[in-house]
Amino acid sequence: MNLSIDHLLGLKGVPKEDLNAIFDTAFSFREVLDRPIKKVPTLKGITVVNLFFENSTRTRMSFELAEKRLSADVMNFSASSSSLSKGESLRDTIQNLFAMKMDVVVMRHPTPGSVKLLSQFVDAVVINAGDGTHEHPTQAILDMMSLKEKFGTLEDLNVAIIGDIRHSRVALSNIYGLKTMGANVMLCGPPTFIPYGIESLGVKITYNVDEALEFADAINVLRIQKERQGKGLLPSLREYRNVYGITRERLAKFQKNITIMHPGPINRGVEIDTDVADGSNSIILHQVLNGVASRMAILFLLAGGKR
Amino acid sequence: MQIKEIKNKILFKNGKIFDSVLDKIYEADILVNKDKIEEIGDINPEKQYEVVNLKGKIVSQGFIDIHVHFRDPGFEDAETITSGSKAALAGGFTQVCCMPNTKPAIDNEAEVRAVYRKSRELPVDVYPIAAITKGRKGEELTEMNELANAGAVAFSDDGSPVEDSVIFRNALEYAKITGKVIINHAEDLEIKGTGYMHEGIVSAQLGIEGIPGLSEELMINRDIRTAEYVDAKIHIPHVSTAESVDLIRKAKKRGVKITCEVTPHHFSLTDEYMRNFNANGKVAPPLRSEKDRVALIEGLKDGTIDVIATDHAPHLSDTKETSLDLASFGLIGLESCFGLAMTKLVHEGHLSLMDLIKKLTINPAKILGLPLSSIKVGEKANFTIVDPDEWWIFNKKNIYSKSENTPFLGQEFNGKVKAVLNKSHYMTV
């Protein structure tokens, strides 16, 4: 099984066939993860470097685990982008690293487009682990895989993404992926969190969370960062919870079971209440497990499948 | 590029002369003796003349660019007055005005005079635009009278808008004693925020924090009303949005003493260029939407936009081949200006060649009070010679700047600068 793409830089333009191939492979790796010995020799001899220019715990651990389960040699490089002094060329930093011959690079960077820039500079498979507010394709793939697991198909599924769309890398990747797979997407949040011009992607927009819940089969609740308060974007977290927080009382108004997702880390009591996050309609922990399986699938299809 | 001193006489045969000062187009031969025009008409070559056949070529007054950055002093690795002047010649420019965002800033008499001193021997006339405020900090006015006497041709804090409205009003009023125009970078920095491309559909689809057109329009609105209120002259640099053009159009109708310029990149490119995250498209103000681009061309056509200026902004490759947030704002523009303007404006039927030449000669000369005479016997030989129809591909060998940050490499242009005469030098591209 080969993908049409050489790198995974984002989900924009990635065809449905590629996504389905990733889902199918990921579900078979899910079975591997249920075995007592969870390691397969698929990427033996392949060197993967996790290049993180921004803090990350979950994504980095999930990738590292996926790489180790596939028997790849793993290297980690972490640097806060502030340590790259202004004016220093990203190209220099990266070319130095790659003089050491890497096969795959998994990169996170705070700036949109920098992962694409990397793919132009190095002769390696490049996987985007989040580039600023641009894309986070593996997160969207694991979100979609979790929805597929729950609903069987994504065709005509109604998915609402609720929260800080503007500062999220998860939202755009989900929009691109879900639209490709035939789902309907609604964005919900305060107007200051909805990017100007986003309606051009063929998504519905509402500022009213009840409208989003009315629409949704599943909701993807985004983290509200405390730093957003007080800069005029958000008066307070308390006000946010009152207007947009996903609470049991709010969900009880609807005569249906709405599936709950969250990319983590959760701000309990702000964007979502504990009893909802841990409740029977939540698939948040499935997302975490599917994250490992889908990253294994992506690594295998991009780096192993071609050998 | 070949530059040689004119020691005797050169006869330019069969050229078509576009005299933007007289608004006249005619065919004639021109005999140049050192730095002066000796004869115009039907001239038979004598043996001792060098003869240049200009059949199919056009002769105009030398082009003027009132908005360049030569990075000198302070950032000479990216450009110097000498290297920038070569880029100017390659673009057909014989007079350029350099912005004061140097280190130190051109905010005192010595720095103004230094620009003249460093360019004295060059075949390009380089004029300094001095800062409005000391250190371009927007706090205290510079000694404008002294700076103007030393040769400053206008006042601008360049990339730093004068944000304090009181200082800005005072600057407009005080500059009246010099007769020089104030050029204020039109961006409200608060609204501009931390973005690095136009806020619109493309920025939303790329997840990039945008710079709204509003940031420019708010500042232009303030500047127009203030200039109108105190009855002062104002020039708006690099207009980039449809609404800005409209604000200026209306102000001109009311009789406000306002002029403005547009860059070749703003009338040629849109935010679509940013889809590949190429930092060569990162510029302030940003490349806007197609609707804005069309409105800029409309503004050029109806005369709302007086001048084409390049905002030539050299940056070394290591500040461009980096993540978009760290990349510098700006691109070089001197060498590609005429080719772009011919291709996008004249050959697409928006402007006549004479209208384009006016926006590169007489209009900028009037706004900044630069010398420009009609093409007649006894005047200085200061010409640009172009082939309006030659097709060529713009690539690195056409760049004379020390920097190569341009989004236009590899593009085909229809119209080319062939030669320049100035200060008794003859330069062929």
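## Strands, charges and the chain contact

Strands β5 (residues 158-162) and β6 of chain A are paired in the parallel sense, with 5 bridges between them. Within this pairing, Ala160(A) has Met186(A) in β6(A) as its bridge partner. Strand β6 covers residues 184-188 of chain A, and 4 of its 5 residues are buried, so the strand is largely enclosed by the rest of the structure. The model is a predicted one.

### An open sheet in chain B

Chain B contains an open sheet of 3 strands in the order β7-β8-β9, with parallel pairing. The edges are taken by β7 (63-68) and β9 (125-128) of chain B; each has a single partner strand, so one side of each is left without a neighbour in the sheet. From one strand to the next, the twist averages 20°. Strand β8 (residues 93-98) of chain B runs parallel to β9(B) and is joined to β9(B) by 4 bridges. Opposite Cys97(B) in this pairing is Tyr127(B) of β9(B).

### Cysteines and a buried helix

How many disulfides does a search of the whole structure find? The search over all chains gives 0. Two cysteines of chain B show why. The closest cysteine sulfur to that of Cys98(B) belongs to Cys97(B), at 7.7 Å, which is too far for a bond. A disulfide would need the two sulfur atoms within 2.5 Å. For Cys337(B), the closest cysteine sulfur is again in Cys97(B), at 14 Å, also too far for a bond.

Both residues are shielded from solvent by the accessibility criterion: Cys98(B) is buried at a relative accessible area of 3%, and Cys337(B) is buried at 1%. Cys337(B) belongs to helix α11(B), where the other buried residues include Phe338(B), Leu340(B), Met342(B) and Val346(B). This helix spans residues 337-346 of chain B and has 9 of its 10 residues buried, so it is largely enclosed by the rest of the structure.

### Salt bridges

Over all chains, a search of the whole structure finds 34 salt bridges.

| Asp125(B) | Lys423(B) | 3.7 Å |

The salt bridge of Asp125(B) with Lys423(B) has its closest N and O atoms 3.7 Å apart. This pair links distant parts of the chain, 298 residues apart: Asp125(B) is in strand β9 of chain B, and Lys423(B) is in the loop between β18 (412-422) and β19 (425-428) of chain B. Lys423(B) has a relative accessible area of 29% and is partly exposed.

Glu228(B) is partly exposed at 25% relative accessibility, and Arg254(B) is partly exposed at 47%.

The relative accessible area of Asp302(B) is 41%, which makes the residue partly exposed. Shared partners join Asp246(B), Arg249(B), Lys250(B) and Asp302(B) into one network of salt bridges.

### Contact between chain A and chain B

The contact is made by 25 residues from chain A and 20 residues from chain B. Between them the two chains bury about 1,900 Å², of which 53% is on carbon and sulfur atoms. On the chain A side, Thr111(A), Pro112(A) and Tyr196(A) supply 23% of the area that chain A buries against chain B, more than any other three residues.

How many salt bridges are counted between chain A and chain B? The count is 1.

Definitions and conventions
Residues are numbered from 1 along each chain as its sequence is written. Chains are lettered from A and ligands numbered from 1 in the order in which they are written. This is a predicted model: local features need pLDDT of at least 70, side-chain atom pairs count only at pLDDT 80 or more; totals for chains, interfaces and linings use all residues. Side-chain values use heavy atoms; hydrogens and water are left out. Buried means under 20% relative accessible area, exposed over 50%, partly exposed in between (1.4 Å probe, protein chains only). Two strands pair if DSSP finds at least two bridges between them. Helices (H or I, at least four residues) and strands (E, at least two) are DSSP runs, numbered from the N terminus. Axes are lines fitted to C-alpha atoms, for helices over the stretch in contact, and angles run from 0 to 180 degrees between N-to-C directions. A salt bridge is a side-chain nitrogen of Lys or Arg within 4 Å of a carboxyl oxygen of Asp or Glu. Contact means heavy atoms within 4.5 Å. Buried area is the accessible area (1.4 Å probe) that two parts lose on being put together, summed over both.
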